[in-house]
Amino acid sequence: MKAFTWARAGALATLLGGDASSLAAQGACEINDRSPFQLASAKQYVSMAANSRKDDEIPRHLANSIRVLTESPEKIKNEAGRQYLLLRTYRQYLERNEGTYVMNRGTMGFTTNKEGSHNLLLAVDSAASAVETLMPECKATVRPFRQRFFGDILNKAIEAMNADKDDSASYYANMSLLVAGADPRPWNLLSSVYQKQNKMDSAMMAMEKVITLSGSDTLYARVKQQSRYNLAVINLQRAEAASGAEKETEITKARGLLEAYLKDTPGDANASQALGRALRLSGDTTAVANMFADMVKAPETFTADQLFEAGSNAAAGGRSGDALALFEAGFKKNPNHRFALYNYATTLFDLKDATRMGPAVQALMAVDPNFERGWRLVAGYWQLKARGETDAAKKRTHNDSTLFYLEKQSKTNPKIDVTLAARSGTSSQVQGSVVNDGQAAGSWTMKLELLDETGAVVASKDVAIGPVEPGSGTTFSVKIEAPKAVAFRYAPIK
C-alpha cells in the first residue's frame, strides 16, 4: 500500500482584520452588510474591535455586535448580511483567544441562555454555511474564514500523527471538522490513524468520506486518488480471505475503485498492478493477460516491487511464463527480495524447471536461513533433479539430498517466518513470528542486515528474541532508518 503523504495546511489563506470595504471586488459576490440599521451598527462594532488600540475595549465591541445581531434576529430582513457579520465577529473572538474554542454565551454578548457555552468553531461553520447557501456566489468570500482556523487545527493533527500521538491526532482532526465539515483532508488523516490502531472498518469509512467529499474539486484530487487506491487494496485483502458472495462483493468494490483511479490517472503502475490482482481474483483471464503483457514488454518503466507483485499475480492466475519474466526483470533491480525469491522458486518447482530453481532456492536461503518452508523448496529442487536423472548413482545422491533437506526442514529451530518487510519513508520495518520446536526454553539474537539494490549492507541491528518456552512462539518487529534499503537478510540462528 502506498505510504500516506500529508500536505501541510499552513499556507492557507487568512483574512485581514478591519472593514472589508469592497466585497463587490470579489466578482459576483455582493453581500449587503450595511442595512437594515442593525447590520450597520454591528458592522461598526466589528470595525471598532478590529482597529481598537485599547485591549479592554475589544470584548465590549464584539459583545455589542453579537447582541445586535442575535437579540431579535427575526426583525433583521437580511439574513445573508447578518450571518456574514456574525462570521466576522466569531473570527475576531477566535483570533483574540487563540486556542480557546468554547466561550460563555453571556460573555460573548448573547442575551439568551447566558450561562450556556458557545462553540466558536461550530459557529464559524454554521455562519459560513448559511452565507454559502443563501448566496452560492460568495463561497470564495467566506472560505478564508473557515480555512484560517481549519489550517491551524489540522496542522496540530498532522504534527501529533507524525509524533505517533494518535489520540491527539484524532482529537484535532475531529476538531477541524467542526469548522470545515465538508473538507476531506481531516478524514484522510483519520484514515491513517485508524489503520495504525488496526481499526480497519473505521479506516475504510474515513476513506469513503474522502472520496465523497472530494468530488471533482482538483484541490483534493491527490487525497481522493490516494483513498481510492488504499481502499481498493483493503477490499482485495478482504476478498482473498473471503468466499462466495462476500468475496465477489469485495472484488467488485476494488475493481470499481481502481478503474475510477486509472480513468483519472491513466497508466499508474501501482493502480494497474492492483487492478491486475482484482481481475485475477474475478477470473477475468483475458483482462489479466492484457495487463501483464504491457509490463512484460516494458519492465524498465516499473519498480522492482511492482514487477514482483505482478509476477505473483501472474503465477496465481496460471500465467507462469509472464510470472517468470516479471520476476526476473524485478531481480535485475533487487536480487535479494525474499518474498519474490520464494514465489519465483515455487513457480519454477511447479514448472519442473530445476535449472533455474537451483540458484533461486540458494538465494532464498541465503537471506532467510531459518525459513522452514524454504528448506522444503530446497528438498523439492533435489527431488526434481532426481526425477530427471538417468544415472543410477547420481539419482541415488539426489534422493539422499532430498531426504537431507526434508530432515533439515523438520529440525530447523527456531523457525522464523518473516511476515512483513516494507519501507515507510526513509525507514524499513521487518516483522515476523518465531516458534521454538526445541525441548527447552530458548533465547536468540537475530543479526539482521538491510541491503541496497546491489546487495551491499546499508544498516544492521541485533534483534533480541525470547525467552520462548518449548512448543511456544513469539513475534518480533524492528524498524531501522535506512533510506537505501530494499531487502533484508539475517545470519543463521541456532
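Analyst: The account below begins with the aromatic pairs and then turns to the other features.

The model is predicted, so local features need pLDDT of at least 70 and side-chain atom pairs count only at pLDDT 80 or more, while totals for chains, interfaces and linings use all residues. Residues are numbered from 1 along each chain as its sequence is written, and side-chain values use heavy atoms, with hydrogens and water left out.

A search of the whole structure finds 10 aromatic pairs. Rings of Phe, Tyr and Trp (its six-membered ring) pair if their centres lie within 6.5 Å; planes under 30 degrees apart count as stacked, over 60 as edge-to-face and the rest as tilted. One of the pairs joins Tyr-229 and Tyr-261 in a tilted arrangement, at 6.4 Å centre to centre and 55° between the planes. Because Tyr-229 belongs to helix H10 (residues 221-241) and Tyr-261 to helix H11 (residues 244-264), this pair ties together parts that are 32 residues apart in sequence. Helices (H or I, at least four residues) and strands (E, at least two) are DSSP runs, numbered from the N terminus. Tyr-229 and Tyr-261 are both buried; buried means under 20% relative accessible area, exposed over 50%, and partly exposed in between (1.4 Å probe, protein chains only).

Phe-331 and Tyr-344 form an edge-to-face pair, with 5.2 Å centre to centre and 70° between the planes. Here the link runs between distant parts of the chain, from Phe-331 in helix H15 (residues 320-331) to Tyr-344 in helix H16, 13 residues apart. Phe-331 and Tyr-344 are each buried. Ring pairs also connect these two residues with Phe-308 and Phe-327 in a cluster.

A pocket is an open set of points on a 1 Å grid over the protein atoms alone, where a 1.4 Å probe fits, with protein on both sides within 12 Å along at least five of seven lines; lining residues have an atom within 4 Å of a point. Of its 16 lining residues, Glu-132, Arg-143, Arg-146, Ala-182 and Tyr-220 are the closest to the centre. Helix H6 gives the most to this lining, with 4 residues. By class, the lining of the second largest pocket holds 4 nonpolar, 5 polar and 7 charged residues; Ala, Val, Leu, Ile, Met, Phe, Trp, Tyr, Cys and Pro count as nonpolar, Asp, Glu, Lys and Arg as charged, and the others, Gly among them, as polar.

The sheet is open and has 3 strands in the order S6-S5-S8, with antiparallel pairing. Two strands pair if DSSP finds at least two bridges between them. Strand S5 (residues 442-451) and S6 pair over 9 bridges, and Met-446 has Val-463 in S6 as its bridge partner.

Finally, the backbone exceptions. Most residues other than glycine have a negative phi, and most peptide bonds are trans. A cis peptide bond joins Ser-35 and Pro-36, with omega about 5°, and Pro-36 sits in the segment before helix H1 (37-51). The bond from Asn-413 to Pro-414 is also cis, with omega near 0°. Asn-198 has a positive phi near 60° and lies in the loop between helix H8 (185-196) and helix H9 (200-214). Lys-352 likewise has a positive phi, about 60°, and is exposed at 58% relative accessibility.
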